[in-house]
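This report goes through confidence, fold, surface and side-chain pairing in turn. The sequence and coordinates come first.

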Amino acid sequence: MQVLAADAPSGSGELLIMNDLPVYKRGRNKIQEAIKEAEQKKRKNKIKNRISAAKSRARSQENTRFLEEKVEQLRNENALLKKLLSLEREVMQGKKAKQCLEPEEQHT
C-alpha cells in the first residue's frame with residue numbers, strides 16, 4: 001500500500017494519499033488508524049475475492065460435469081439410433097431380396 005504525506009491546508013492535519021484517495025487525519029495515532037483501516041479493507045477485499053474465485057471455479061466444474069454427462073447421454077442415444085437404422089436397413093434389404101426372389105405376378 002502506498003502512503004504519502006503532503007502539505008495540507010493549515011490547521012487540518014496531514015493529507016494522506018492511500019489507494020489514490022486523499023484522507024485527512026490529525027496526529028500520529030490517526031495516521032496509524034487510517035493505515036490500519038486501509039490494510040483491513042485490503043485484507044477483506046482479498047478474502048472476498050478468494051471466496052468469489054472459489055465459487056466461480058465450483059460453478060465452472062459443475063458446468064463441466066453437466067456437459068460431460070450430456071455428451072455421454074448423446075453418445076449413447078447416437079449409438080442406439082445407429083443400431084436402429086442398421087436394423088431398419090437390414091429389414092428393407094430383406095424385403096427387397098424377398099421381392100426379387102418371388103415370381104412377379106402379372107396383372108392383366
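What is the mean pLDDT of the chain, and what share of its residues reach 70 or more? This is a predicted model, with a mean pLDDT of 81 for the chain and 70% of the residues at 70 or more. Confidence is lowest in strand β1 (residues 3–6), where the mean is 48, and highest in α1, where the mean is 92. The pLDDT is below 50 over residues 1–10, a stretch that has 24 contacts in the model beyond near neighbours in sequence. Where pLDDT is low, predicted coordinates should not be read in detail.

**Fold**

The chain contains 3 strands and 1 helix, and their order along the sequence is β-β-β-α. Helix α1 covers residues 27–101. Among contacts in the chain with a separation of 6 or more, 11% are between residues 24 or more positions apart.

**Surface**

How much of the chain counts as buried? Of its 108 residues, 6% do. Leu 80, Leu 81, Leu 84 and Leu 87 make a nonpolar surface patch of about 380 Å². One of these residues, Leu 84, lies in helix α1. Leu 84 has a relative accessible area of 47% and is therefore partly exposed; that value is over the 30% required of a patch residue.

**Salt bridge**

The structure holds 1 salt bridge. Glu 62 forms this pairing with Arg 65, and their closest N and O atoms are 2.9 Å apart. That distance meets the cut-off, since a salt bridge requires a side-chain nitrogen of Lys or Arg within 4 Å of a carboxyl oxygen of Asp or Glu. Why are Glu 62 and Arg 65 separated by about one helical turn? The two residues are 3 residues apart in helix α1, and so about one helical turn lies between them.

| Residue | Relative accessible area | State |
|---|---|---|
| Leu 84 | 47% | partly exposed |

Definitions and conventions:
Residues are numbered from 1 along each chain as its sequence is written. This is a predicted model: local features need pLDDT of at least 70, side-chain atom pairs count only at pLDDT 80 or more; totals for chains, interfaces and linings use all residues. Side-chain values use heavy atoms; hydrogens and water are left out. Patches are made of residues with over 30% relative accessible area and no salt bridge: like charges are joined within 9 Å, nonpolar side chains (Val, Leu, Ile, Met, Phe, Trp, Tyr) within 5 Å. Accessible areas come from the Shrake-Rupley method with a 1.4 Å probe; for residues, only the protein chains shown count as cover. Helices (H or I, at least four residues) and strands (E, at least two) are DSSP runs, numbered from the N terminus. Buried means under 20% relative accessible area, exposed over 50%, partly exposed in between (1.4 Å probe, protein chains only). Contact means heavy atoms within 4.5 Å. pLDDT is the predictor's confidence in each residue, from 0 to 100.
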